[in-house]
Amino acid sequence: MRRVFDELPRMRDVVTWNAVLAGYVRAGMARVARALFDEMPVRDEVSWSTVVGGYVKEGELDVALAVFRDMVEKGVRVNEAAVVTALSAAAQLGLLEHGRFVHQVVHQEGMPISVNVGAAMVDMYAKCGCVALAREVFDGMPRRDVFAWNAMICGLAAHGLGQDAVELFELFLGEGLSPTNITFVGVLNACSRFGLVAEGRRYFELMAEKYCVEPEMEHYGCMVDLLGRAGLVQEAIELIEGMPIAPDPVLWGTVLSACKKHGLVDLGVKVGNKLIELEPAHDGNYVLLASIYAKAKKWDEVREVRKLMSSRGTSKSAGWSLMEAQGNVHKFLVGDMDHKDSVQIYNMLDMINRRLADAGYVPDVSSVLHDIGDEEKVHAIKVHSERLAIAYGFIVTEVGNPIRIVKNLQVCGDCHEFSKMVTKVFNREIIVRDGSRFHHMKEGKCSCLDYW
């Protein structure tokens, strides 16, 4: 393709340049595509949207959003493809300010909310922690396809609004629409988040019986999660062992999480060792098994797991937290001292800790996987990434506006309690999107009702 393009210089116009650009993007060659884009004598909205899409495809979401912003600032009229792709990037990052910027551009351009744009906008707002805005966009769409319904049902589920998701699913069926495998993932996930065991079992049975949707690994994952959260761990294991397809390690990892949650040490050890055999390079399995031993105060066993982990060259994934402020994305790691405002952040965190201690907050150090003194454990927990992000939120976020945080891992139990206590003592709202779900915290309570 490139050779033909290079041999016919007189045939080059924006259409042929765009064709070559799209070829590189489809081949996963984003850097080459960008170099070609920079060479183009004339670029139109297709050129720009192709590059935005290329960066999203390669997972360089922040770069994709920067290119989209550059496109707007240069006065290029955005097309639907660029808007949908930019909304997808903002959704995956969970960054509301970026998503709002794209929505604002749609409004300023007078672009109609098509089925594709509407579905992408619903998904973006839901994944950026604004489920009410997602519902507002959804309800205002002149026409909705199954993708819009799926985005809304899955969004409600992620925010723990299980009953609302189930009601919307029933409305979906009432309109005569046919659910897809994603629709069932959404409603089963909703049942799991809200502890609706009977409803979950019923929908799982209806999938194949009534709607001819054969359960896939993700549906079994939702059911195992539903049963495990509800304490029905043995039933979850029986479901896995009776599957017509070979279970993947994620299902056993879900069982292991349930064993930790419900204090099933012996079963957890058995499942944990099985998982390590199946996935010797996966750090999360070692961490979960070690946390089960730590909860039972079996420190020798914790050390053995950590030693095994080290001998196999596996290390625990670093936890990080993101937050937007004044148009920039700020990333925090545990014990982070690299931020330009670190001194202010730690001073603010000290003040927060003092106020919380006065209000009766006592750290829960059970999640620390080291046999060290309680004082050292408290210090280790005090510098978790989401606490640094909260402290920075106090500095840069106006009172009355929620502090929004995106975390890559599941929030630990003590940070969850810490965050709830902050909302009570300081009358602030905190919204956390962790690796599992959304937590909307206000007045000392969380939307998850501590069922997570």
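Analyst: pLDDT is the predictor's confidence in each residue, on a scale from 0 to 100. This is a predicted model, in which local features need pLDDT of at least 70 and side-chain atom pairs count only at pLDDT 80 or more, while totals for chains, interfaces and linings use all residues. Residues are numbered from 1 along each chain as its sequence is written, and side-chain values use heavy atoms, leaving out hydrogens and water.

The chain has a mean pLDDT of 91, with 96% of its residues at 70 or more, but over residues 369-374 pLDDT stays under 50, and there the model has 14 contacts (heavy atoms within 4.5 Å) beyond four places in sequence. Where pLDDT is low, the predicted coordinates should not be read in detail.

An automatic or database assignment divides the chain into domain 1 (1-143) and domain 2 (320-446), whose C-alpha centres lie 34 Å apart. Their contact takes 13 residues from domain 1 and eleven residues from domain 2. Together the two domains bury about 920 Å² (accessible area, 1.4 Å probe, lost on being put together and summed over both), 50% of it on carbon and sulfur atoms. Of the area that domain 1 buries against domain 2, Leu-95, Glu-97 and Gly-129 supply 48%, more than any other three residues.
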